[in-house]
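Hi there,

Here is the structure I promised to pass on to you. Have a look at it first, and my notes follow just below.

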Amino acid sequence: MLFDTHAHLDDEKYVEDQEETIDRARKNGVSYICNIGYNRETIESTLELARRYDFIYAAIGWHPQEAIHMKDADIQWMEELARNEKKVVAIGEIGLDYYWDTSPKEVQLEVFRQQICMAKRLQLPIIIHDREAHQDILTILREEKAEEVGGIMHCFSGSVEMAKECMDLNFYISLAGPVTFKNAHKPKEVAKAVPLDRLLVETDCPYLTPHPFRGKRNESGYVRYIAEEVASLKEVSFEKLAEITTKNAKRVFQLTE
Ligand code: NI
């Protein structure tokens, strides 16, 4: 009944208990997972995971932190995979990261634009990583007419105003662990303001662990804590929130079953 729209279950932190972690997610009511590959190595391991489990889907893209390493051949490789692998449901995570600043801004901007164009050729939604780059993200989404494919604002950290602008561009707002933190006023306000039919939940595991496990390793099953918090902010039942966000995720990823 829950859809974790953003996970990294192929991460080295699960090397010893990946299968058990995925089993626990199922026991905690997670029916679907979208795993994210963000460079050569993790795209391969993400696809491997998606081939192994029927309820795990794949998003592939080049992360802004690694933008400097992306070559033209990588774009062609990703495009071919997206065309041929049935489980690829989105391009991402792509975007801008001005916090870590591991790739120059100009390179990040170019790599981001190239991948939006690729997603449009493929007619696949995009998953956006935005760290301290709100204004440039909006500018590029507009300039590249990203609304033609739309997609997901992953672990949304912007304001209510920005959420509205993203929704106008055909994007869904995905909330992660931070919405469960007591002092996280912004994501709580966003959860209240965004209509139910535009909300998604995700873990971004192994990162961004929700309360009450903050500080420990995150896992897909903990998406339940995020959904519980969002349900209480929206003043709806957990069951209803789970049902609607799962339906939303299936709509974004164009899943019919
Ligand atoms: Ni991620």
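The largest cavity holds about 40 Å³ of space. Please keep in mind that this is a predicted model. With the cut-off set at 30 Å³ or more, the count is 1 cavity.

Which residues line the largest cavity? They are I128, D130, M153, H154, C155, F156 and S157. Sorted by class, this lining is made up of 4 nonpolar, 2 polar and 1 charged residues.

Now to the metal site. The nickel ion has its protein donors in H6 (NE2), H8 (NE2), E93 (OE) and D204 (OD), which lie 2.1 to 2.6 Å from the ion. Along the sequence, the spacing of these donor residues reads H-x1-H-x84-E-x110-D. Two of them come from loops: H8 sits between β1 (2-7) and α1 (18-27), while D204 sits between β8 (199-201) and α8 (223-234), so the pair ties together parts that are 196 residues apart in sequence.

Are these two residues buried or exposed? H8 counts as buried because its relative accessibility is 4%, and D204 counts as buried because its value is 9%; the cut-off for buried is under 20%.

As for the geometry, the 4 donor atoms around the nickel ion subtend angles of 84 to 179 degrees, and the arrangement is therefore irregular. For four donors to count as tetrahedral, all angles would have to lie between 85 and 135 degrees.

Best wishes

How values were computed:
Residues are numbered from 1 along each chain as its sequence is written. This is a predicted model: local features need pLDDT of at least 70, side-chain atom pairs count only at pLDDT 80 or more; totals for chains, interfaces and linings use all residues. Side-chain values use heavy atoms; hydrogens and water are left out. On a 1 Å grid over the protein atoms alone, a cavity is a set of points where a 1.4 Å probe fits but cannot get out, and a pocket is an open set with protein on both sides within 12 Å along at least five of seven lines; lining residues have an atom within 4 Å of a point. Grid points are joined across faces, edges and corners, and a volume is the space filled by probe spheres set on the points. Ala, Val, Leu, Ile, Met, Phe, Trp, Tyr, Cys and Pro count as nonpolar, Asp, Glu, Lys and Arg as charged, and the others, Gly among them, as polar. Donors are N, O and S atoms within 2.8 Å of the metal (3.2 Å for Na, K and Ca); water is not among the atoms, so sites may look incomplete. Four donors count as tetrahedral if all angles lie between 85 and 135 degrees; four count as square planar and six as octahedral if opposite donors are over 155 degrees apart and all others between 65 and 115; anything else is irregular. Helices (H or I, at least four residues) and strands (E, at least two) are DSSP runs, numbered from the N terminus. Buried means under 20% relative accessible area, exposed over 50%, partly exposed in between (1.4 Å probe, protein chains only).
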